[in-house]
Amino acid sequence: MTDDLERRLTDAGVSGAALDLAHLRGTLARRAADEGILDVAYGIYDSPLGPLTVMVTARGLVRLSYPGEQISAELDELAERVSPRILEAPERTDTVRRELDEYFAGDRRAFDVPIDWRLVGGFAGDVLRATAQIPFGSVSSYRDVAAEAGSPNAYRAAGNALGSNPVPIVVPCHRVLHVGGGLGGYTGGLDRKRFLLRLEGVLPAGAGA
Amino acid sequence: MHLPPFETLIDAHAPELHRFLVGCVGPTEAEDCLQETFMSALRAYPRLRHGDNLRAWLYTIARHKATDAVRRMTRRPTRELDGVDPIAPPEPEPLDEAIWGVVRSLPTKQRDALVHRFVLDLAYGEIGARMGTSEEAARQNVSAGLRRLRREVAR
C-alpha cells in the first residue's frame with residue numbers, strides 16, 4: 001500500500017502535462033504589452049547582412065545589433081540600464097523591421113522610427129546625433145563629426161563613439177570615413193560597411209576592397 | 001547582483017514551476033496559474049531590490065496562485081456546467097487524477113511538500129529551502145501528507 005501510493009505519486013510527476021514554452025512566452029509578451037509593462041521588446045530581423053536583433057522601448061529603437069554580438073550580454077546591459085522587464089515580442093519591432101526592409105530594398109533613404117538615446121550620453125551622444133544628420137548617399141569624416149559635436153580635435157573619441165553606436169544602420173555610422181577616403185572601421189566589420197556604402201551608391205556596385 | 005532580463009526567468013523556471021502547479025491544481029488549471037504567476041512577477045519585478053533567489057520568489061507567487069485556484073475550484077465544484085460544452089471531449093488528464101484530487105484537498109503545506117517530493121523529486125533539504133522551512137519540517141510535512149493521503153485513499 002505504501003509503496004503503491006508513493007509509486008502512483010511519482011508516476012504522476014513523470015507523466016506531468018507538457019509545457020509549450022514558446023506559447024507561454026508569446027502569451028506573456030502580448031499581455032505585458034497590453035498592460036504597458038513590457039519595457040523592452042526585441043525581435044530578430046533577417047537582413048541581407050545576417051540576422052539583426054532589434055530592441056525597442058516605448059521611446060523608440062534603443063539597440064540594433066549585428067549577428068555575433070552577444071545577445072544575452074546586450075539584454076543584460078539593457079536590463080541594468082533601461083529596465084529588466086524584457087521579453088521577446090517580434091510584433092513590437094515591426095515598424096523598425098518594415099523600415100529596414102524598405103531601406104535594404106532601396107525604397108527608403110531616411111528612417112522615421114524614433115531613437116531611444118538612453119544608452120549613449122555625453123560626447124558620444126553628440127557625435128551620434130551629428131552622424132544621424134548625414135544624408136543617405138553622402139559621407140563625412142571622423143574629424144567633421146567631432147567638429148559637429150563641438151570638439152574638432154577629438155576625432156579619436158569620435159571614432160570610439162561611432163564604434164560603440166548602439167543603433168548602426170539607422171544612425172548611419174557607416175557614412176563616416178577617414179579624411180583621405182579610407183574606410184576606417186566598423187562595428188559590424190568592414191564588409192558590412194562596404195555593403196551599405198554600395199547600397200547607397202557611395203561605392204560603385206561590385207567594388208572590392 | 002542586478003536583475004537579469006525577465007525573459008531568462010521564464011526559460012529557466014517555467015518548466016519546473018509548471019510541474020509544481022500541475023501537481024497542485026491539475027493540468028487544466030496549471031497553465032492559467034503559470035501565466036498568472038509570471039504576470040504577477042513581471043508587474044513586481046522592477047521593484048525587487050536584488051536578484052538573489054529569484055526561484056524561491058517565483059515559487060512563493062506560484063504557491064499563492066495555486067491556493068487561489070484550489071479555492072475557486074472548491075467554491076465551484078460543478079465547473080463543467082460553467083459555460084463548457086458538455087459534448088466537447090474532455091481535455092486529456094495525464095495525471096493519476098484520483099490520487100491527485102486528494103492531494104489537492106490536503107492542507108497547503110502538506111500538498112506543496114508532496115508535490116516537491118514526488119513531482120519535482122527533490123531532497124528534503126531542498127524542499128525546506130524552497131518552502132522556507134527547515135529540512136526537518138519538510139520531512140514532517142511530507143510524512144504527514146502521506147499519512148493523511150493514505151487514510152483518504154483507503155476510504
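In the predicted model, β1(A) and β2(A) form a hairpin in which 2 residues lie between the strands. The two strands, residues 40–47 and residues 50–56 of chain A, run antiparallel and are paired over 7 bridges. Within this pairing, Ala41(A) is found opposite Val56(A) of β2(A). Val56(A) also has a bridge partner in β3(A), namely Leu61(A). Strand β3 of chain A spans residues 61–65 and pairs with β2(A) in the antiparallel sense, here over 4 bridges. A hairpin is likewise formed by β2(A) and β3(A), with 4 residues between them; in its turn, Gly60(A) adopts a positive phi of about 150°.

Chain B comprises domain 1 (1–94) and domain 2 (96–155). The contact between these domains involves 13 residues from domain 1 and 10 residues from domain 2. On the domain 1 side, two or more residues are given by each of α1 (6–25) and α3 (54–75) of chain B, and α1(B) gives the most, with 6 residues. This side of domain 1 consists of 6 nonpolar, 3 polar and 4 charged residues.

The contact between the chains draws 36 residues from chain B and 31 residues from chain A. On the side of chain B, at least two residues each are supplied by α1, α2 (27–44), α4 (97–105), α5 (108–119) and α7 (135–154). The most are given by α1(B), with 9 residues. By class, the side of chain B that touches chain A contains 26 nonpolar, 4 polar and 6 charged residues.

Technical notes
Residues are numbered from 1 along each chain as its sequence is written. Chains are lettered from A and ligands numbered from 1 in the order in which they are written. This is a predicted model: local features need pLDDT of at least 70, side-chain atom pairs count only at pLDDT 80 or more; totals for chains, interfaces and linings use all residues. Domain bounds come from an automatic or database domain assignment. Two residues are in contact if their C-beta atoms, placed from the backbone, lie within 7 Å. Ala, Val, Leu, Ile, Met, Phe, Trp, Tyr, Cys and Pro count as nonpolar, Asp, Glu, Lys and Arg as charged, and the others, Gly among them, as polar. Two strands pair if DSSP finds at least two bridges between them.
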